[in-house]
Amino acid sequence: MNLTKRLLTSLALVLPVTTAAQSISQSQIEQFKSMPRAQQEALASQYGVDLDSIAGSSGQQNQRPQNVNVVEPVDAISDEERERALKEKQANEEQDRKNGGLKPFGYDLFAGSPTTFAPVTEIPIPNDYTLGPGDVLRVQLWGKENQQLELPVSRDGTISFPQSGPQTVAGLTFDQATQQIRKRVSEQYIGVHASVSLGELRSMRVFVLGEARNAGSYTVSSLSTITNALYVSGGIKRTGSLRKIQHKRDGKLVGELDLYDLLLAGDTSDDNRLQPGDVIFIPPVGDRVGIDGEVYRPALYELKGGTNLQELVNLAGGLTPQAYPQLVRIERNNDDFLRIIAEANLTMPKGRQAKVRPGDRIEVASISEITGQFVEVKGAATRPGRYAWVPAMRVSSVIRSLDNDLLKEADKRYAAIVRTDPDNDTVSVINLRLREALGNPGGENDILLQEKDQFLIFADEGKVSARSEDQNDNERNREEARRRNLEGSANGNGEEVQEDYSRFSREVLFAPVLQRLKAQAKPGAPQQTIRVTGPVRYPGEYPLPASGKVADAIYVAGGLKDTASLYTAELARFGIDDEGTGETKVQNLDLQAIMKGDSSVTLKSRDRLLIKSIPDFAQAKTIELNGEVRYPGEYTIRNGEALREVIKRAGGLTYNAFPEGAIFTREKLRQLEAQRLREAEERLQSDLVGVQLEGDDFGGQNAERTQQVQDLLEEVQDSRPVGRMVINLAAVVGSEDYQPIRLQDGDTLTVPIIPQAVSVFGEVQFPTSHLHSEGLTVDDYLERSGGPTRQADEERVYVVKADGSVMLPEKSRWFGGRSQQLAPGDTIIVPIDVDRLNQLELWSNVSQIVYQMALGAAAVGNL
């Protein structure tokens, strides 16, 4: 604080007098500027100092150039640059395809783009660093006087040291400048020591030219090297060389950088530090060769000088353990420009010293797979893979426990052994009763194994489905398990991740086996496959059982379902008749006798076994009875059962039942009505468009008419199909002569209570329901609802009876001086006068919709 007061006192005294400005140093002004703005204003106000004067008092010669962002953020690139990058990527991918998938080595080093250019300031400064204008020296004084000074190097190459005048440091190395400053402090300040470090560094401009991704001039830090400038410019194009990057200064070659030394050995000895005006020139890429196969880094490599085969393998990271060094294939162009193949042996000195040529493509072969002394376990096993084979080895030697060696979802009843004949390389399948094999080690089912045998352990799809349904029923538990699993993946204690067990199904695991069986078929050795269809657990195509028994084929397919009929099955067999033409023979089988072993039928190549289902087995058909029946509920019906019989089973109707208003619905009718409503709605929408387009036809009232049609369309859209079928329930129950109503699955019957109302819907002033009164006619009820509206069609008024039937005006006696009384539960419908809209086609479309709506309204009103 004392130093601050002295500083402000000096500033207050000297600022008004420009001739005394030399009594305050630049470092003191800089120290004042480093204070927070609020503290500057408070001190300036206390001592009457003008902050603008302080800000302007620093000489222009000591100002540093501002840091410049030389690379724009990625999200700020233009569409043109983005399009260029996309085209470059597509061109690179096309070139990779031409090179057989091999990519040039090393260019991924510049795959990332810097968002901004950050000067290098946090690394140790080398002692031979040359100071220049723009650098800032930080001097820490301690001892008798403690002070922190920041001394920028001005354009004339000097620093302004407090109370001792300027000192020239430009052109000196950092070590030389440090020694001079320490010497000056020790001479002019008694008991004071100095520590010197570099603060902010100057910026300088260099050029990156040639095959750079973004060639041009760049402003970089004074500590930047060749690689820093390459990063700033976006890297090197694939057409540029990585091994001959030239560093030029004043038109002369200063050095050459080989990026392979950096990438492969971490050698930065040639990564020279840049100076202002330096040029980095990237020449076109040199000769390349490709290497693929059993090396660690397959790629295209740029050659430099004479390169032999061993050196190229070293560039590619060396050979993998699976490499076969005795066989290295070399594709190259000969003198006649023809592509030829040569071979080399890397185990021999001659092969290692073989020279590679530009355009060569080298492939290192791999050793063959294990040829013997193993058995393999595939599928739903806890530890799939290969196991060592020893003579006298059995199934129980590999699969010791059904619980520990198999997954929970595995089929523990059946497994398959795929065996390869070493003499002719053909495969065969042995069916294995897994549970019996492990239950009696050394027994008949515990089969002796041979070399290269493959165990196929299948998933039990029933267990997988049950597990999936259980997880879907409890979503929150599943989410919690997933969360714990994610946490456990970090600490190693997570739960088991749910796996896709479909890859362990019979269809998937048997697919390559069936392909082999079909491929090895020939005359005299027909295709050893069969197909099992029908109510078995896993219908599909399977290898022909070695025993040829139908029971074994059914066992392989997972066994019979409970819907399978044991009385009959069908076997289709393909053969050749006496004339050499293919024919199909069908044979009926007694499946029950076959499963008991009383009948012997041998399966042959390509046989198709059809297991038949029990007709109508476990196909429950129901009808729902609601309302005024003695025992309402959902009843199971028999084939051909009539409604009268089910009502009797339900105890008949109650005393309050109103059979005339019973609602009988059928699912198929509801679906049909829904389809018709959708079609009618589409037609009405198209008619609405026509009404809107023919404005002159309505005498200037187009807007009103259009709104009326829109309201009608909304009513149609809000209507729901009922699927009601009109029946006379009283006759159904009371008359044996009435046509029986045969029931279908999904039928419903709702018997309402005796109603007391008559409803009036449609184009009336007050649509509502009225208490039924004897002697009242249609006109009477219309009058009680306020009469029809202006758009009502009084000539087409009709009544929907309680049972759902419709009485049309032209067939009734309401008009012509006569009237007819209504019954409780009846509904009067007053339709809209669509003729007023001058749309004759519209009425034919709407009338069907209104009729459907009337039925729905009557059904709702009577419930």
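Visitor: Before we start, how are residues numbered, and which pLDDT do local features need?
Guide: Residues are numbered from 1 along each chain as its sequence is written, and side-chain values use heavy atoms, with hydrogens and water left out. This is a predicted model in which totals for chains, interfaces and linings use all residues, while side-chain atom pairs count only at pLDDT 80 or more and local features need pLDDT of at least 70.

Visitor: How many helices and strands does the protein have?
Guide: Both kinds of element are DSSP runs numbered from the N terminus, a helix being H or I over at least four residues and a strand being E over at least two. Counted that way, the protein has 23 helices and 35 strands.

Visitor: What percentage of the 863 residues count as buried?
Guide: Buried means under 20% relative accessible area, exposed means over 50%, and partly exposed is in between, using a 1.4 Å probe and protein chains only. Of the 863 residues, the buried share is 40%.

Visitor: Which residues have the most contacts inside the largest nonpolar core?
Guide: A nonpolar core is a set of buried Ala, Val, Leu, Ile, Met, Phe, Trp, Tyr and Cys residues joined through side-chain atoms within 4.5 Å. The largest one has 41 residues. Inside it, the most contacts belong to Leu230, Ile236, Ile245, Ile291 and Tyr301.

Visitor: How many residues are in the second, separate core?
Guide: Its members include Leu517, Tyr538, Ala564 and Ile611. The size of this second core is 34 residues.

Visitor: Which residues does isoleucine 291 touch, not counting those up to four places away in sequence?
Guide: Contact here means heavy atoms within 4.5 Å. With residues up to four places away set aside, the list for isoleucine 291 is Leu102, Pro298, Ala299, Tyr301, Leu312, Val313, Ala316, Ile362 and Val364.

Visitor: Which residue in β10 is the bridge partner of glutamine 246?
Guide: Strand β10 (residues 279-282) runs antiparallel to β8 and is joined to it by three bridges. The β10 partner of glutamine 246 is phenylalanine 281.

Visitor: Which strands stand at the edges of the open sheet of five strands?
Guide: The order in this sheet is β27-β26-β30-β28-β29, with mixed pairing. Each edge strand has a single partner, so one of its sides is left without a neighbour in the sheet. The two edge strands are β27 (633-637) and β29 (724-725).

Visitor: Which helix holds glutamate 667 and arginine 670?
Guide: Their side chains meet in a salt bridge at 2.8 Å, N to O. Because they are three residues apart in the helix, about one helical turn separates them. That helix is α19 (residues 667-693).

Visitor: How far from arginine 644 is the nearest side chain of opposite charge?
Guide: Arginine 644 is found in helix α18 (residues 643-649), and it is buried yet has no salt bridge. For charge, Lys and Arg count as positive and Asp and Glu as negative, while His and the chain ends are not counted. The nearest opposite charge is on glutamate 736, at 4.3 Å.

Visitor: Which backbone oxygen does the side chain of arginine 644 reach at 2.9 Å?
Guide: A polar contact is a pair of N or O atoms within 3.5 Å; within protein, one must be able to donate a hydrogen and the other to accept it, and residues adjacent in sequence count only if both atoms are side-chain atoms. A polar atom of the arginine 644 side chain lies 3.4 Å from the backbone oxygen of tyrosine 738. At 2.9 Å, the backbone oxygen reached is that of serine 735.

Note on methods. A salt bridge is a side-chain nitrogen of Lys or Arg within 4 Å of a carboxyl oxygen of Asp or Glu. Two strands pair if DSSP finds at least two bridges between them.
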